[in-house]
Amino acid sequence: EGGGAKAAKAYAEASLASDLLPRKSQWRVYLELADLSKREKQWDQARHYYSVVCSTQPYDAQGWHGWFKMEEEQGENERASMILKNGLRFCEYSELLLACAIKHEERLGGEHVSSGNSIGSGSSRGSRPKKVSNDYVYDDGA
């Protein structure tokens with residue numbers, strides 16, 4: 001499986017570099033690259049790809065969900081909560097993200113609720129952001 005994943009990743013990266021892919025479709029390739037990086041346990045690289053997906057397609061819940069699941073699986077509950085919270089700002093009616101938020105809060109057992117960091121705290125449901133600021137994307141310092 002490792003060789004197949006590496007070949008798929010190389011193909012995806014070559015597709016992006018070739019400029020043959022329409023710009024509006026590139027985010028899906030980045031989503032696949034994030035998933036492949038996650039499978040290879042290259043967490044920082046996966047975070048980078050997820051941040052590209054979420055900043056270019058913030059109103060599509062797939063990127064937010066994949067990124068959230070990866071962080072949650074790694075035990076990064078604080079980061080997972082922030083990603084889910086940001087995803088819900090853009091995809092406030094996403095059943096997938098809402099269900100994840102409920103389950104995540106339940107798993108945390110109110111651990112973040114008392115500190116005001118719960119997913120539901122501080123979100124402004126009435127106003128939707130027009131674009132993604134850099135506050136919502138992962139910065140690996142590179």
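Which helices do the buried residues of α6 pack against? They pack against α4 (61-73) and α5 (77-90). The close-ups below look at this packing and at other parts of the structure.

This is a predicted model, in which local features need pLDDT of at least 70, side-chain atom pairs count only at pLDDT 80 or more, and totals for chains, interfaces and linings use all residues. Residues are numbered from 1 along each chain as its sequence is written, and side-chain values use heavy atoms, with hydrogens and water left out.

**Figure 1. The whole protein holds 6 helices and 0 strands.** Helices (H or I, at least four residues) and strands (E, at least two) are DSSP runs, numbered from the N terminus. Along the sequence the pattern reads α-α-α-α-α-α. Of the 142 residues, 42% count as buried. Buried means under 20% relative accessible area, exposed means over 50%, and partly exposed lies in between (1.4 Å probe, protein chains only). Take the contacts between residues at least 6 apart in sequence: 60% of them join residues at least 24 apart. Contact means heavy atoms within 4.5 Å.

**Figure 2. Helix α6 (residues 95-108) has a buried side and an exposed face.** L97, C100, A101, H104, E105 and L108 are buried. They cover an arc of only 130° around the axis, which puts them on the same side of α6. The arc is that of the directions from the helix axis to the C-beta atoms. An α-helix has 3.6 residues a turn, so residues three or four places apart point the same way. The face turned away from the buried side carries the exposed residues E95, I102, E106 and R107. At 1.5 Å a residue, the 14 residues of α6 should span 20 Å, and the end C-alpha atoms are 20 Å apart, which agrees. The expected span is 1.5 Å times one less than the number of residues. Just after α6, G109 takes a positive phi of about 65°.

**Figure 3. Helices α4 and α6 cross at roughly 20°.** Two packed helices are described by the angle between their axes and the distance between the axes. Here the axes come within 10 Å. Axes are lines fitted to C-alpha atoms, for helices over the stretch in contact, and angles run from 0 to 180 degrees between N-to-C directions. α4 and α6 are therefore roughly parallel to each other. Angles under 35 degrees count as roughly parallel, over 145 as roughly antiparallel, 65 to 115 as roughly perpendicular and the rest as oblique. A61, W64, H65, F68 and E72 of α4 make the contact with L96, L97, C100, H104 and R107 of α6.

**Figure 4. Helix α5 packs its buried residues against α4 and α6.** Among the buried residues are A80, I83, L84, L88 and F90. The 14 residues of α5 should span 20 Å at 1.5 Å a residue; the end C-alpha atoms are 20 Å apart, which agrees.

**Figure 5. Helices α2 and α3 (residues 43-56) cross at roughly 160°.** Their axes come within 8 Å. The two helices are therefore roughly antiparallel to each other. In α2, W27, Y30, L31, L33, A34, D35, S37 and K38 meet W43, Q45, A46, Y49, Y50, V52, V53 and T56 in α3.

**Figure 6. L21 sits in the loop between α1 (2-17) and α2 (26-39).** L21 is partly exposed, with a relative accessible area of 25%. Leaving aside neighbours within four places in sequence, L21 is in contact with S15, L16, Q26 and V29.
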